[in-house]
Amino acid sequence: MSVDDRLNMETVLQHAALASSTCTGRTLGEDRDPLWEAGRKPIPREAEEPIVKLDSSIPHIPVRVVTEPSLPCFPDADAINASIVKRELADEAKKSVRLQLNALKERQETFRLKRESLQQEVERHSEQLNQKALREQKKNQLIEEAEKLTRAQLEEQQREQLEMRHNTNSKLHKLAVEGVSRCQQRFRKKYEGIAKLLLSLDRETVQVCAEHNKQLKELGQQFDQLVSTVAAGKMEQSEFLRSLIKAEQCCKSLQQVEQDIIRQLAEFSQLIQQQLKLEAAKKLEEERQRQLEEEKRRQQQEKEEMEARQKQAEAAKEKATAPPAPAAAPAPAPTPTLAVAPSESTTTNVHPERLQFYNDVIALYQGKVDSVKPLQTEESLKQYRTGCQRAINLPLNAISAVSPQHLSNSFEKLYNFFAGQPVKVLNGTSITINDHPLARDYCMLLMAKKFVSQTDTAISSNPQAAFPFASVIATFWKLMPDFGKVFLAYLYKESPFLVPYVIPQQPGQAPEAYLKTIGYRLSDNNELEKPDSYLKRQTGIARLYAAVIITPGRKADGPEHCFGLEEGWRWLAHVVHVKPLPDVSATLIMEILQTLGFELWRTYGKQFVKLLLFIQNHYLPQLAVYDEGGPKTRLEMLLAKFLRERQIPQAVGVLPPGFW
C-alpha cells in the first residue's frame, strides 16, 4: 500500500471515528448526511481541530479532527476497525465517567445523609437540652409555687391553730371561771358556816379549835388567790384544769376542816360532859357525905335522947335503926335529871297509821314478787330475763342532770320499753315487755330495785346525783302508780326507819338476824357489815327518799306530785314520837333536814320552827339517853345553826321546775 493510500485510510478512519462519536446512525454504506442527535448541532467542517465534550461534570477527552480535503476514497478495514476501537474506547470512557459520576454521587449522597443525620442528631440533642432546660424551669417554677402554697398553708394552719388555741383558752377560761365560781359559792357558804359556828362558841371552846381556825384562814387566803388568778385569765391550758382541781381540793380541805372541827368539838363536848359527870358524881359523893354526917349527928342526938329518956330506949333504938334507909337511897344524879324521861308516846316502835301504810306497801310488793316467780325460775327464760335486765340497766345507769335532753333520752328509753317497743339485746335479736305476761311486773320490780341500789353507789358519794334519779322516779310514779309503792317497799326493806318503824327484836332472836331485819347486810363471807358502812348507806337512802319528795317529774306529765312535801312533814312529826336508835335516828333526821329543810320552812313557816324547837328541847334530851355519839352532836350543832340563822339553805343540785 502506498503512502497516499495509507493517508486516505487514516482520513477515512478519522471520519468514521468522528461520525461514530457525533451520531447514532450508520457510518458505513452510502455517503449520506449523518443522523444527528436531538439538541446537538453539526460540527462545521471548516472548523479545525474541534474539541467535543462528553459531559460538563467530568473531564472530557478532546478529539482532534484533522480536516483534510475530502479525497475520494473507499473505506478500509483497518480504518473501520480503528473507528470501532475508538468508538469502544469512547464507550468505555463514557462508562468509566458514568461510574465515577455514580460513585461520586453515591459519596455525595452518603455524605449528605451523614450530614443530615449528624444535623438531626445535633438538633435532637439541642432539642433535648432545650426540653431539659424547660423541664428544669418548669420544675423550679413548680417548686417555687409549691413552696409558696406550703408557706401559705403553714401560715393558714398557724393562724387556725392560734385561733383554735385562743378559742380553747377562752372556753377553758370560761369553764374554769364557772367551775371555780361554783366552788367559790360552796366554799363561801361552808366557810361562813364554819366562821359563824366558831363565833358562836365561847372563848374557851375557840381556844380548842385554834389550829383549825388557822387552817381555815390559810384556806381562805389560798382560795382568794386562786379566784384572782383565774379571773385574770393569764394561764396556760393545763393551768385552767389545775385551777379547777385546786378549787375542788380547797373545798374538800375545807370540808375536812369542818369535820375536824365538829369532831374536836364533839370530843370537847364529850370531855365537858365527862367533867360534868365527874363533877356531878363528886357533888353526889359530897351530898352523900353530908347526909352521912347529918345522919351521924342525928344518931348522936338520938343516942343522947335515949340516954336522957331511958324509958323510951326501945323507941330510940328503933328510931336509930330507921335512918339507914334514906342513906341507902341517895339523891338522883344531876345528869339524868337534865333529860326528860321517855314518855309513853316516845317508847312506841311505830305509829298505827304508818304501820298500816307500811303493811299495805309490803303486801303489794310481796304479791308481785310471788306472781313473777314462774318467770324468775324458768330456765328456758334465762336469756329473756337477761335481755330485760339489759334494757333497764343501760338507760338507768346513764341518768344524770347533764342536760334536759340527756335526762329525757334516758327516761324515754325506759318508758318506751314499758310501752311495748322492741329493744335489741346482745345476740342481735329484739325483745319486748309483751313477750311474757309476767314481764311487766318483773321489770317493774327490777327497775325499783335498781333505783334503790343507786343509793349504795352513786348517791352516797355524790348527794347531787339523787335529784335526776328522783325526777325519773316521780315521773314513773305518776304514769305507773304501782311502781311508786314497789319503790317505797324496797326503800322500807333497806331502811324501815323511813316509815318510821323501829322493828323490835323478837324474844330469842339472834343479834345478826335482828340486824338484818333493820337493814344490815351480810357479805359473801357471811360477815356483818360495819356500822360506818351501814350509816353511809342509810344516808344515801334518806337522800333519795327526800329528793323524791321535793323533786318534780317531767312537766309533760302534769304538775301533780304523788309523794309530796307533806310526807316529809309527816315523817318528822312521827319520828320524834318513835323510840330513838343510837346513831341512826340522828343521822336520818339530819339528812332529811338538810335536804327538805328549805322547802319545809318556806311552806310551813312558824309551825316548822316549832317542830325544830321541839326536836331541840325535847327530842334531843330523850335521844341523849340512848345516843352519845358523833351523829347526835352534829345534829345538835345543825339545829343550833338553823335556829340561830333563822334559815336553812337549799340543798345543792335540786332540779328547777320544768327542767325537762
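Arg646 sits in the segment that follows helix H21 (630–645); helices here are DSSP runs of H or I with at least four residues, numbered from the N terminus. Its phi is near 60°, a positive value in a residue other than glycine.

A word on the source. This is a predicted model, in which local features need pLDDT of at least 70 and side-chain atom pairs count only at pLDDT 80 or more, while totals for chains, interfaces and linings use all residues. Residues are numbered from 1 along each chain as its sequence is written, and side-chain values use heavy atoms, with hydrogens and water left out.

Next, Asp583. Phi of Asp583 is near 70°, again positive in a residue other than glycine. Asp583 lies in the loop running from helix H18 (565–575) to helix H19 (584–604). Is Asp583 buried, exposed or partly exposed? Asp583 counts as partly exposed because its relative accessibility is 26%; buried means under 20% relative accessible area, exposed over 50%, and partly exposed in between, with a 1.4 Å probe and protein chains only.

The bond joining Val499 and Pro500 is cis, with omega about 5°. Pro500 is in the loop between helix H15 (481–494) and helix H16 (511–517).

Last, Ala466, which belongs to helix H14 (residues 466–479). With a relative accessible area of 1%, Ala466 is buried. What does Ala466 touch, not counting residues up to four places away in sequence? Ala466 touches Ile459, Arg543, Leu544 and Ala547, contact meaning heavy atoms within 4.5 Å. Ala466 and Arg543 are 77 residues apart in sequence, and their C-alpha atoms are 6.6 Å apart in space.

Technical notes. Helix = DSSP H or I, 4+ residues; strand = E, 2+ residues; numbered from the N terminus.
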